[in-house]
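Please look at the sequence and the model first, then read the points below.

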Amino acid sequence: MPAAENSYESISLAIIGSGGAGALTAGAIILEAAASSGWYGIMNRSVGPQIRGGEAAALVRLANHRVDCMNKEYDLLIAIDWKNAERFASEMPLAKHGLVLSDPTAGEVPTEIGGLQSNIASVAMKDLAKEIPGGRENMIAVGMAAAIIGLSLESIMDIVTAKLSKKGGEVVEAGRKCIVTGMAQVAKFTDQLKLQNPEKTDAGRWLITGNEAVGYGAVRGGIRFAAAYPITPATEVLEWLAPALSKVGGALVQAEDELSSINMIIGASFGGRASITATSGPGLALMVEALGLATASEVPIVVVDVMRGGPSTGIPTKSEQSDLNIAIHGCHGDAPHIVVAPLSVSDCIFTAQWAVYLAEAMQTAAILLSDQSLGQARVIIDKPANIAFFAKRKIYQGNREETYNRYAITADGISPMAIPGTPGGQYTADGLTHNVRGAPSSTESDHRDQHDKRERKIANFDYGDHWADIGNPDVDAGSDFTILVWGSMAGPTREAIHTLGCEGIKVKLVAMRLLAPFLKQPFLAALKGCDRTLIVEQTHSGQFHNYLRSQCDLPGEIRHFHRPGPHLIGAQEIVDQIRDWKNS
Amino acid sequence: MNTHQTAPFKAADYKSDITPIWCPGCGDFHVLMSITKALVALGKAPEDIAVVSGIGCSSRIPAYTNCYGFHGVHGRSLALAGGLKVARPDLTVLVMSGDGDGFSIGGNHFLHACRRNIDMTYVVMDNRVYGMTKGQPSPTTEPDWDSALSPGGTGLSPFHPLVIALASGANFVARTFSGNIKDTTNTLLEAIHHPGFSFVEILSPCVTFRPDEKEWKNTVHTASVEPTDDPARAARRIMTDDGMNTGILYRGHRKPYGTHVEDQAGDLSILEKQFEI
């Protein structure tokens with residue numbers, strides 16, 4: 001919505017070029033310059049499976065307010081080339097007023113992009129870069145984008161200097177010349193797409209990815225050991241943790257596979273250190289056996305699953321919410337555990353920290369379901385508040401005189417845990433059904449008592465009001481619709497609710513952060529009085545909807561919008577669903 | 001080495017009161033006895049020792065000790081023990097396995113545990129059969145050994161665990177016979193003291209499903225040569241002997257995997273700077 005003519009509170013742009021052209025670097029520079037100029041924003045990337053030479057696009061949305069997700073339509077597309085455009089062009093439709101700046105050698109603008117012919121211009125980025133010694137076309141693109149949206153040369157150069165100064169003054173100077181040259185090419189467009197001044201904020205702001213945020217939140221929660229096996233799109237969690245843990249007295253070990261990484265963290269946690277691993281769907285599938293072990297032997301662990309398209313190897317670089325079933329129901333036997341999901345990139349910090357707290361407090365496995373759209377998005381967020389949640393196990397202090405029962409039946413189901421080194425606390429942790437001491441047992445009463453205990457500790461725990469983000473402060477009472485989502489779908493849904501609010505349609509949000517255990521009472525309380533509820537999820541089969549139906553009778557009229565990746569469900573699709581419902 | 005030092009702990013301090021599930025005559029009884037004796041000689045408090053295992057007859061050992069124990073899932077004991085030792089370098093970590101658990105389902109972890117060279121001792125009780133599931137061929141079983149699951153034998157060459165360990169970088173390699181308790185005790189103690197990843201294969205007869213292995217007490221013989229620090233020489237000896245040669249075969253000098261984990265709340269501001277705008 002333009003406040004003044006040709007000025008916008010949010011601008012979306014994409015820089016497109018085959019892998020190696022530097023499109024992603026260009027996008028990162030623009031995002032960082034916008035951050036230092038006081039704006040908010042998010043950058044996602046669209047990349048093919050190739051390491052070099054495949055398609056790559058930096059998708060950047062800048063705004064004068066906090067944003068959690070991309071916009072559907074793009075205001076500015078800068079194409080160094082259109083190689084493999086058929087694979088991604090449908091992800092970035094052009095807004096009516098949108099501009100396309102394309103290198104003359106890049107090829108035809110793909111028809112999927114749309115837009116008006118009068119808004120397509122040719123800029124010879126590659127030739128201009130060649131005229132500058134050491135020049136690169138992606139820096140020309142940075143200059144063009146900066147001039148159009150209103151980023152100053154100084155703000156860009158601060159970032160470029162920081163990024164390139166290690167390579168020497170000549171490289172920085174070449175970058176500056178390219179940016180100045182790029183800015184000069186777009187003089188006739190500089191009044192068309194100005195970004196409005198940012199909202200004033202006193203709090204500090206951070207630039208962080210979802211994967212970094214998960215790692216940071218986990219360390220904040222007390223994680224001091226990690227085991228790692230690389231997998232797209234989760235590797236960055238582990239790569240962030242490796243140096244971070246060594247700075248705070250912890251360690252990360254690279255494992256030979258996911259079977260090993262999860263067993264390593266069970267071992268480390270048995271030794272008394274809060275422990276974590278991160279993976280994606282294929283790795284989670286391998287970890288399921290040991291998740292059962294952690295549950296049965298009551299050793300706290302945190303497993304992060306940054307979901308991608310499935311089944312099997314699926315689409316590694318694209319997002320989906322389709323690991324919900326395996327996260328909740330994957331284990332054989334009855335194995336109650338925790339499943340949580342962050343609701344935004346900034347919430348990755350809180351939810352990871354909370355997951356550590358829950359796992360440690362209840363001595364069980366906690367799975368955190370992030371996804372590619374959160375994990376690999378780089379976002380400008382407000383500096384997170386301090387949260388008190390810190391790993392705190394109920395520990396057995398040791399006494400050589402008494403018999404220690406590791407799996408003692410307690411009222412809250414949580415039994416004091418002895419840490420190796422504690423005299424008198426020796427026990428054998430076991431995946432076999434065991435008695436209170438931990439000795440293998442196949443008696444009916446031991447099996448039942450231990451089942452009851454493990455179920456009780458999770459069912460009766462005080463989760464506070466963190467199980468979901470609920471409501472819409474604009475329309476506290478009497479909303480027309482409710483939208484029920486989990487995890488990353490909260491972002492586009494919040495945006496959709498804002499858009500609908502501008503049209504006078506009041507919508508309440510229920511975004512679930514705690515998926516398992518299912519808290520029936522607060523869930524039904526949150527939906528009380530909701531006559532029309534839309535459930536939104538990014539799966540082909542409707543896993544979330546099926547899960548909710550298996551847990552309780554949903555009140556009122558229910559509609560269900562779900563589809564698989566690779567393209568993220570966007571705010572506009574959700575808006576359309578509610579509009580259609582209203583008009584039907 | 002202080003193997004003869006008087007220890008403040010007695011054998012009873014390392015034994016639990018749980019009765020083993022093993023068959024009468026099982027070689028694993030002797031292994032348990034040797035472990036207990038080695039721990040007495042080591043002289044470390046039971047609470048500072050962790051015994052980790054997977055699944056199978058031999059993997060039942062942790063609960064029969066009075067140390068901290070972990071009876072985990074099938075084949076993953078080395079991974080679990082590795083995480084424990086990295087997180088808690090102060091503990092003495094023993095890993096107990098069998099030929100099925102350690103070389104078949106756990107084969108990949110075996111290779112990488114040797115490579116990683118974390119300071120712990122890996123004991124594999126090799127009886128060349130899956131005993132707990134009642135007699136199926138394992139990776140070390142002879143190719144013509146007949147069974148219900150593989151009638152007429154598997155026809156597959158047996159696995160050479162000691163050579164694989166050498167090729168993968170294990171820092172200490174030995175073979176003993178369970179019935180020779182003194183030799184096994186001394187070898188285990190040396191293995192525990194040796195830095196890095198120590199691998200001890202214990203020939204431990206399964207008298208129920210491999211009654212032919214009762215003959216092992218007559219066919220094992222002590223290695224007639226001194227241990228070497230040259231893995232190629234050690235491998236050649238192992239490949240050319242009859243598989244019944246016992247003794248310490250290899251002592252390496254590789255630096256153990258080094259890391260350290262402290263239990264501290266930590267000042268996280270050092271991590272936050274990278275995010276600040």
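In this predicted model, 59 residues of chain A are in contact with 48 residues of chain B. Between chain A and chain B an area of about 4,500 Å² is buried, and carbon and sulfur atoms give 61% of that area. The points below cover the interface, a helix pair in chain A and some backbone features.

**Interface of chain A and chain B**

- In chain A, the residues that lose the most area to chain B are A:Glu256, A:Arg273 and A:Gln426, which together make up 15% of what that side buries.
- The rule finds three salt bridges across the interface of chain A and chain B.
- A salt bridge joins the side chains of A:Arg437 and B:Asp17, with an N to O distance of 3.3 Å.
- Across the interface of chain A and chain B, 22 residue pairs are found in polar contact, both residues being at pLDDT 80 or more.
- Several elements of chain A each supply at least two residues of the side that touches chain B, among them the helices α1, α6 (210-220), α7 (235-247) and α9 (281-297) and the strands β9 (205-209), β11 (251-254) and β17 (428-430).
- Helix α8(A) gives the most to the side of chain A that touches chain B, with eight residues; this helix spans residues 258-270.
- By class, the side of chain A that touches chain B has 32 nonpolar, 15 polar and 12 charged residues.

**Helix pair α1 and α3 in chain A**

- Helix α1 (residues 23-36) and helix α3 (residues 137-149) of chain A pack at an angle of about 35 degrees, and their axes are 9 Å apart.
- The crossing of α1(A) past α3(A) is right-handed.
- On the α1(A) side, the contact is made by A:Thr25, A:Ala26, A:Ile29 and A:Ile30.
- On the α3(A) side, A:Asn138, A:Met139, A:Val142, A:Ala145 and A:Ile149 make the contact.

**Backbone features in loops**

- The peptide bond from A:Thr232 to A:Pro233 is cis, with omega near 0 degrees, and A:Pro233 lies in the loop between β10 (225-228) and α7 of chain A.
- The peptide bond from A:Gly310 to A:Pro311 is also cis, with omega near 5 degrees, and A:Pro311 lies in the loop between β13 (301-307) and α10 (324-329) of chain A.
- B:Asn117 is not a glycine, yet has a positive phi of about 60 degrees.
- In chain B, the loop between α5 (107-116) and β4 (120-126) holds B:Asn117.

Definitions and conventions. Residues are numbered from 1 along each chain as its sequence is written. Chains are lettered from A and ligands numbered from 1 in the order in which they are written. This is a predicted model: local features need pLDDT of at least 70, side-chain atom pairs count only at pLDDT 80 or more; totals for chains, interfaces and linings use all residues. Side-chain values use heavy atoms; hydrogens and water are left out. Axes are lines fitted to C-alpha atoms, for helices over the stretch in contact, and angles run from 0 to 180 degrees between N-to-C directions. Helices (H or I, at least four residues) and strands (E, at least two) are DSSP runs, numbered from the N terminus. A crossing is left-handed if the near helix is turned anticlockwise from the far one by less than a right angle, and right-handed if clockwise. Contact means heavy atoms within 4.5 Å. Buried area is the accessible area (1.4 Å probe) that two parts lose on being put together, summed over both. A salt bridge is a side-chain nitrogen of Lys or Arg within 4 Å of a carboxyl oxygen of Asp or Glu. A polar contact is a pair of N or O atoms within 3.5 Å; within protein, one must be able to donate a hydrogen and the other to accept it, and residues adjacent in sequence count only if both atoms are side-chain atoms. Ala, Val, Leu, Ile, Met, Phe, Trp, Tyr, Cys and Pro count as nonpolar, Asp, Glu, Lys and Arg as charged, and the others, Gly among them, as polar.
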